[in-house]
Amino acid sequence: MSSRVVVLISGAGSNAAALLDAAAEPGFGASVVAVGADRHSADGLALARHAGVETFTVPFADYDDRGDWNAALSERLDAYRPDLVVSAGFMRILGAEVLERHTVINIHPALLPAFPGAHAVRDALAYGVRITGATVHLVDSGVDTGPVIDQAAVRVEPDDDTASLHERIKSVERRMLVEVVGRLAREGWSVQGRQVRLGGPRQSPSTEYVAEENR
């Protein structure tokens, strides 16, 4: 049976588009059952509708309390019974109301634990590193501190600025995210300490997980 995936976005949704394309291929192992956003203006919603995938929006601005917004989002996610929730450029902090019920993965444009936070590409350039990259990880109670699932390196070129480097990282992110989601769906996973192991039964999300602020 195909694993059910919900993708959360805030903007253009290029990673969501890559997952939609992959999920249409036989044998991928996962179906994107919905794409959700925190704003009606998220361009990626139109891409999902064009692909025939259901969309939903839970606008953050409609709620005075962050906990109420998280509870409303969790309720919408519950309706799709996802095996996995993918934060793909979702610009909100997810609280326990969501994460105690759902396993969430995130993609970050650096080789964690180096350069966590919302400005990872800028920070890597400022530090002068020669190699940076991308990380797919489970979220936990810190900012970009969750167990690493996979990583890929990207070389920093001498003439790079933030935009050019981030664009190359994004191309790596899309490929890696598709591969990771497919493997998680087909093989299952378990977590032992900080080690994410593919294969075996899927674990229920831990109550200690609290999502990070995504880019």
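Predicted model: local features only at pLDDT ≥ 70, side-chain atom pairs only at ≥ 80, totals over all residues.
For the helix packing described here, axes are lines fitted to C-alpha atoms over the stretch in contact, and angles run from 0 to 180 degrees between N-to-C directions. On the helix 5 side, the contact is made by Val121, Arg122 and Leu125, which meet Thr162, Leu165, His166 and Ile169 of helix 6. Sorted by class, the residues of this contact comprise four nonpolar, two polar and one charged.

Helix 6 (residues 162–187) also packs with helix 1 (residues 14–23); here the axes come within 9 Å and cross at roughly 45 degrees. This angle makes helix 1 oblique to helix 6. The crossing of helix 1 and helix 6 is right-handed. Helix 1 contributes Ser14, Asn15, Ala18, Leu19 and Ala22, and helix 6 answers with Glu173, Arg174, Leu177, Val178 and Val181. Six nonpolar, two polar and two charged residues make up the contact of helix 1 with helix 6.

Turning to the strands, strand 1 (residues 3–9) is largely enclosed by the rest of the structure, because six of its seven residues are buried. Its partner is strand 2 (residues 30–37): the two run parallel and are joined by seven bridges. Arg4 has Ser31 of strand 2 as its bridge partner, while Val6 is bridged to Ala34 of strand 2. Strand 2 is itself mostly covered, with seven of its eight residues buried. In a regular strand, side chains alternate between the two faces of the sheet.

A last stop is Ile93, found in the loop between strand 4 (84–87) and helix 4 (96–99). Along the chain, Ile93 and Val143 are 50 residues apart, yet their C-alpha atoms are separated by 9.7 Å.

Note on methods:
Residues numbered from 1 in each chain as written. Heavy atoms only, no water. Helix = DSSP H or I, 4+ residues; strand = E, 2+ residues; numbered from the N terminus. Parallel < 35°, antiparallel > 145°, perpendicular 65-115°, else oblique. Left-handed = near helix turned anticlockwise from the far one by under 90°. Contact = heavy atoms within 4.5 Å. Nonpolar A, V, L, I, M, F, W, Y, C, P; charged D, E, K, R; others polar. Buried < 20%, exposed > 50% of the residue type's maximum accessible area, 1.4 Å probe, protein only. Pairing = 2+ DSSP bridges.
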